[in-house]
Each structure stands twice: as structure tokens, then as C-alpha cells.
Amino acid sequence: MKSQPLVAVNVWRPVMQSAGWRCQCAGQCGNPHAKTDGRCPREHDRYTSKHGHRVRLMAAPADVLTPPVKAVTLPAEELRAWCPECHTAATRKTRTATAPADEAPGLFEI
């Protein structure tokens, strides 16, 4: 039996089952996942390596910039299975890509 969160199992479980209990990151984190056909290899309740930690997937929106207040209202069909590492990296990458350019003059501009 796979471990489950203590709350929201009615939403979390369908997301994990549709994902095959595997992270659905397809390179949004910046890692092309080249050795696993473009999809993150991490599976729920598996270890990352011999001395690694246990993977606990989470159900989160495909759009990583969705605010948490809105994310908790989304149905299971609008969520994806994410490992914490891919979700964090995808959020950072998306935020930096959408950040406005700094309009300050350069060091040598007069």
C-alpha cells in the first residue's frame, strides 16, 4: 500500500493514479530528464538512491505560479503529480523567466 497524505486523499489519490505514481515533470524544472524519455523518474514511496530520501509526491497545479489559495480549490483533473525537487525548480525557473527586466542604467551608461 502506498503512503497517503492525512488530508485531501479524495483529490490526491486520483492524481497519483492517473500519473502512475510517478512525477509528471517533463522538463519544466530545467532538467531534460534525458535518460527517462523526458519525464522525471521519481516514483512515490521509492528512494532517490541507495542513501537518498524517500520520495513523497504531491498534487499541485500544472501552472506552478498558481497561488495556493486558488490551488486548493482546483479539481483533480487540473492537478499534476510533482516531486518536491521538480516543483521547486520549476517554480524558480518560471518566476525568473516572467520577472520584469531591471530598468536601471548600466554601470558605464551615462
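Mentor: Gladly, and we start with a term: contact means heavy atoms within 4.5 Å. Not counting residues up to four places away in sequence, Ser3 touches Trp12, His44, Asp45 and Arg56. This is a predicted model, in which local features need pLDDT of at least 70, side-chain atom pairs count only at pLDDT 80 or more, and totals for chains, interfaces and linings use all residues. Residues are numbered from 1 along each chain as its sequence is written, and side-chain values use heavy atoms, with hydrogens and water left out.

Trainee: What makes the meeting of the side chains of Ser3 and Arg56 a polar contact?

Mentor: A polar contact is a pair of N or O atoms within 3.5 Å; within protein, one must be able to donate a hydrogen and the other to accept it, and residues adjacent in sequence count only if both atoms are side-chain atoms. The side chains of Ser3 and Arg56 are 2.6 Å apart in this contact, so the distance lies within the 3.5 Å limit. In sequence Ser3 and Arg56 are 53 residues apart, while their C-alpha atoms are 8.4 Å apart in space.

Trainee: Why is Ser3 called partly exposed?

Mentor: Buried means under 20% relative accessible area, exposed over 50%, and partly exposed in between, with a 1.4 Å probe and protein chains only. Ser3 has a relative accessible area of 26%, so Ser3 counts as partly exposed.

Trainee: Where does Ser3 sit among the elements, and how do you know what counts as an element?

Mentor: Ser3 is in the segment before helix 1. Helices (H or I, at least four residues) and strands (E, at least two) are DSSP runs, numbered from the N terminus. The protein has three helices and two strands, and the order from the N terminus on is α-β-α-β-α.

Trainee: Why is the pair Arg42 and Glu85 called a salt bridge?

Mentor: A salt bridge is a side-chain nitrogen of Lys or Arg within 4 Å of a carboxyl oxygen of Asp or Glu. For Arg42 and Glu85 the closest N and O atoms are 3.6 Å apart, so the pair meets the 4 Å rule. This pair links distant parts of the chain, 43 residues apart: Arg42 is in the loop between helix 1 (9–19) and strand 1 (58–61), and Glu85 is in helix 3 (residues 84–98). Arg42 is partly exposed because its relative accessibility is 27%, and Glu85 is partly exposed at 32%.

Trainee: How many salt bridges are there by this rule?

Mentor: The count comes to four. Among them is Glu43 with Arg46, whose closest N and O atoms are 3.7 Å apart. Another is formed by Arg54 and Asp45, at 3.7 Å from N to O. Asp45, Arg54 and Arg56 are linked in a network of salt bridges.

Trainee: What makes His33 buried?

Mentor: The relative accessibility of His33 is 7%, so His33 counts as buried. His33 lies in the loop between helix 1 and strand 1. Leaving aside neighbours within four places in sequence, the residues in contact with His33 include Cys25, Cys40 and Cys86.

Trainee: Why are Trp12 and Trp21 called an edge-to-face pair?

Mentor: Rings of Phe, Tyr and Trp (its six-membered ring) pair if their centres lie within 6.5 Å; planes under 30 degrees apart count as stacked, over 60 as edge-to-face and the rest as tilted. A search of the whole structure finds one aromatic pair. That pair is Trp12 and Trp21, with 5.6 Å centre to centre and 70° between the planes. The angle is over 60 degrees, so the name is edge-to-face. Trp12 counts as buried at 7% relative accessibility, and Trp21 counts as buried at 14%.

Trainee: What makes a set of residues a nonpolar core?

Mentor: A nonpolar core is a set of buried Ala, Val, Leu, Ile, Met, Phe, Trp, Tyr and Cys residues joined through side-chain atoms within 4.5 Å. The largest one here has 21 residues, and those with the most contacts inside it include Met16, Leu57 and Trp82. Helix 1, strand 2 (79–82) and helix 3 are the elements that give two or more residues to this core, and helix 1 supplies the largest share, four residues.
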